[in-house]
Amino acid sequence: MNNRWLPWFLLAPALILILTLTIYPLFNTFYLSFRQYDMYSLMTGVSSWVGLSNYTETLTDPFFWTVTRNTVVFGLACVFGTMIAGLLVALLLNTKFKGSRILGIVILIPWVFPAVAGGIVWRWMFNDQYGVANYLLTQIGLTQFDGFAWFNTPWTAFTVIFFMIVWQSFPFIAVSLLAGFQTIPDTLYEAAEIDGANAWHKVTKITLPMLKPLLLILFILSTIWDFKIFDQIYVMTEGGPARGTYVLALYSWSEAFNSLNFGMASTIAMLMFVLLMFFIVIYIYFLREEKGGKPA
């Protein structure tokens, strides 16, 4: 075989797998978003072309913009909450103290929890009748939380889900940042100490700039994960009360499997994809590498 084609031959299995599992579903969802595709279409394979009507109907629906607002606000809150918690834990683990290795293992426990199991546990913890959260809050004097129904309003329900998401997501960020810390030469910190730098200066002038490429990847991954959260919200609230905790992933699922309108569900999924790409481009712009003191 010609050496020119050998690399492509070796890469072929991986490329076929990627095209099958990622590219095809994406293009098929894009295709369905322009069609009237319901249960009859699913059974017979017959569907009709509707052009941009699915997009027009979705974009003129006030509920879609309410759900989009919920997705953006809640998603960004989870991203920054997870990154801050992960950074603080990574800084703690990067300092040498007795028990740091055990703590490094303990923080991984939330990460290995299945999302559905974690959601059930947190729903139980915040139950208004027998939840341990209300019990502890009342024990420290916050008696207004006696029998408090956390899932009766969207604001309090989103608050509980936010803490659950951060609790389950921060270990990955902490471990990744800790690995990044290990790659920074100690000589940089020693030189900074000679110049009179304090702990804050070392973090902001050395640690964070050196970790900028890693932070970009972690921000992108967190954004993708947090903007398409479905399992935890479905388990804890099922979108309630009165669809107040709907996000785009749950809205798309509901259109597909409750309304059996797969065309509309595909449209919502594609709009969520565009929204994710928008935020990823913003992250890349602000966190990209600098060359010669100017953005690349």
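Trainee: How many salt bridges does the count come to by the rule used here?

Mentor: One salt bridge. Keep in mind that this is a predicted model, where local features need pLDDT of at least 70, side-chain atom pairs count only at pLDDT 80 or more, and totals for chains, interfaces and linings use all residues. Residues are numbered from 1 along each chain as its sequence is written, and side-chain values use heavy atoms, with hydrogens and water left out.

Trainee: What makes Lys202 and Glu193 a salt bridge?

Mentor: The rule asks for a side-chain nitrogen of Lys or Arg within 4 Å of a carboxyl oxygen of Asp or Glu. The closest N and O atoms of Lys202 and Glu193 are 2.9 Å apart, so the pair qualifies.

Trainee: Why is Lys202 called buried?

Mentor: Buried means under 20% relative accessible area, exposed means over 50%, and partly exposed is in between (1.4 Å probe, protein chains only). Lys202 has 17%, so buried is the word.

Trainee: What makes a space a cavity or a pocket?

Mentor: Picture a 1 Å grid over the protein atoms alone: a cavity is a set of points where a 1.4 Å probe fits but cannot get out, while a pocket is an open set with protein on both sides within 12 Å along at least five of seven lines. Lining residues have an atom within 4 Å of a point. The whole structure has one cavity of 30 Å³ or more, with about 30 Å³ of space in the largest cavity.

Trainee: Which residues line the largest cavity?

Mentor: Thr82, Ser169, Ile173, Ser222, Trp225 and Asp226 do. Helix α12 gives the largest share, three residues.

Trainee: How much space lies in the largest pocket?

Mentor: About 710 Å³. It has 22 lining residues, and the closest to its centre are Leu91, Asn94, Thr95, Lys96 and Phe181. Elements giving two or more residues to that lining include α4 (62-94) and α11 (199-210).

Trainee: How do you know how far to trust the model, and what is its mean pLDDT?

Mentor: pLDDT is the predictor's confidence in each residue, from 0 to 100. The protein's mean is 89, and 96% of its residues reach 70 or more. Over residues 292-296, though, the pLDDT is below 50, and beyond near neighbours in sequence this stretch has seven contacts (heavy atoms within 4.5 Å) in the model. Where pLDDT is low, the predicted coordinates should not be read in detail.

Conventions. Grid points are joined across faces, edges and corners, and a volume is the space filled by probe spheres set on the points. Helices (H or I, at least four residues) and strands (E, at least two) are DSSP runs, numbered from the N terminus.
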